[in-house]
Amino acid sequence: MPNTPYLRNLIIETPSKPGNFAKVAYAIGQLEGDIGDIQTIKVGTLSTIRDISVQCNDVEQLDKIVTAINDIGGGIQVQAISDDVLRAHEGGKIHMKSKVGIRSLGDLRRVYTPGVANVCKVIEKDPQQAQFFTGISNTVAIVTDGTAILGLGNIGPVAGMPVMEGKSVLFDQFAGISGIPILLDTSDPDKVVETVKHIHQGFGGILLEDIGSPHCFEIEERLKAELDIPVMHDDQHGTAVVALASTLSACRQAGVNLEDSVVGQIGLGAAGLAISRMMMAYGVKKMQGIDMNESALERLVSHGGSTAESLEEVMATSDIVIATTGVKGLIKPEMVRPGQIILALSNPHAEIQPEVALEAGAAFAADGRLVNNVLGFPGIFRGALNAKTNKITYDMLIAAALAILDSTKHGDLVPHPLDPNVHQNVAEAVEKVANLASI
């Protein structure tokens, strides 16, 4: 099973003297811990207490960090270790809630029987009225079979439910969309497609999530062909949108023209193949890829890309390198060509650390910590639902990537995911393209 981040909150007390927190941060950094949120709980005359979020590889690394902090001395002490992540998930993260209140018998009759019968008759006569008199047009099914959950792999749909709930929260907070998790106990493409077809009338769109390769390709293509509502596999196209935006941002900072570049994709799973297809749709000069799986290489060629003989060839002949293999340290410093752009996007461990790539001569380098799908999928579906389109096209996805790029501040790779403007900008760009296509 892949190594996944281990996140804990350390409650640390330090004497109220300048420089003590710097000692704590240094101790964490020396052991390669990643500091997240910092909250000051108490500022006293003699001491300060902070709640510090720390991401590690495992419990052993965390234990070493705690020991190192306690060994600083001078009154610096870890007082407690808490698990705010588990507490945040207690009871689940989503809840279906009514938009109307029932405070009288009249309210009850309007919302339910007998008044609701009138609405049913209106929709029976004209099914399109369901778009106005129900929540269907603002509801997206988040469908998973649990075979590719984050970096955890095939852990099953129930274990993946926290991720699906997280997607629902993001849909709600960033796009005002109701996301409903749908957990499937089958990975058979025929059964998945048939199930989704039987339930799709209750949704305005379908987001396929954490479905593994290669069956994810067949499932998405069939659903897109057989349903009359937007369908998107986020691990493919959501990732590809943000990757394209990141690549364009890197090119802007390095003074490189993406269309005139040779792009090398290392790893051709769901994300890697989708990134390759997105680059070709954007118009790159040459798209080449490498993967240990022969069928993955054949899929790239079938979509118009080319294959390389080896990793070394990709590194030697590509102006821009994107890696999504999940293999820590795969790209060696001696492989880096001066002036290259390198996006090593695997989490939590990149194929090459950005600072190592830059020291080896790369013009620009970044890892996957900022390349987050949340920058794309909420706005993409908001725009598609607003436009009442029945499909999500490459023109819409490219528009989404350009909107992310335009929302990026100078010096940043991509916008902050909590910036509400980026989600609105993506939605507006997607809706505009969809509306133009319908004219």
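**Close-up views of a predicted model**

**View 1. Helix 8 and helix 9 cross in a right-handed sense.** Here right-handed means that the near helix is turned clockwise from the far one by less than a right angle, and left-handed anticlockwise. This is a predicted model, where local features need pLDDT of at least 70 and side-chain atom pairs count only at pLDDT 80 or more, while totals for chains, interfaces and linings use all residues. Residues are numbered from 1 along each chain as its sequence is written, and side-chain values use heavy atoms, leaving out hydrogens and water. The axes of helix 8 (residues 189-199) and helix 9 (residues 215-226) come within 10 Å and cross at roughly 35° (lines fitted to C-alpha atoms over the stretch in contact; angles run from 0 to 180 degrees between N-to-C directions). Helices are DSSP runs of H or I with at least four residues, strands are E runs of at least two, and both are numbered from the N terminus.

**View 2. Strand 13 and strand 14 run parallel.** Four bridges join strand 13 (residues 341-344) to strand 14 (pairing takes at least two DSSP bridges).

**View 3. Thr 389 sits in the loop between helix 15 (377-387) and helix 16 (394-406).** Thr 389 is buried, at a relative accessible area of 17%. Leaving aside residues up to four places away in sequence, Thr 389 touches Pro 230, Ala 384, Met 396 and Ala 434 (heavy atoms within 4.5 Å).

Conventions
Buried means under 20% relative accessible area, exposed over 50%, partly exposed in between (1.4 Å probe, protein chains only).
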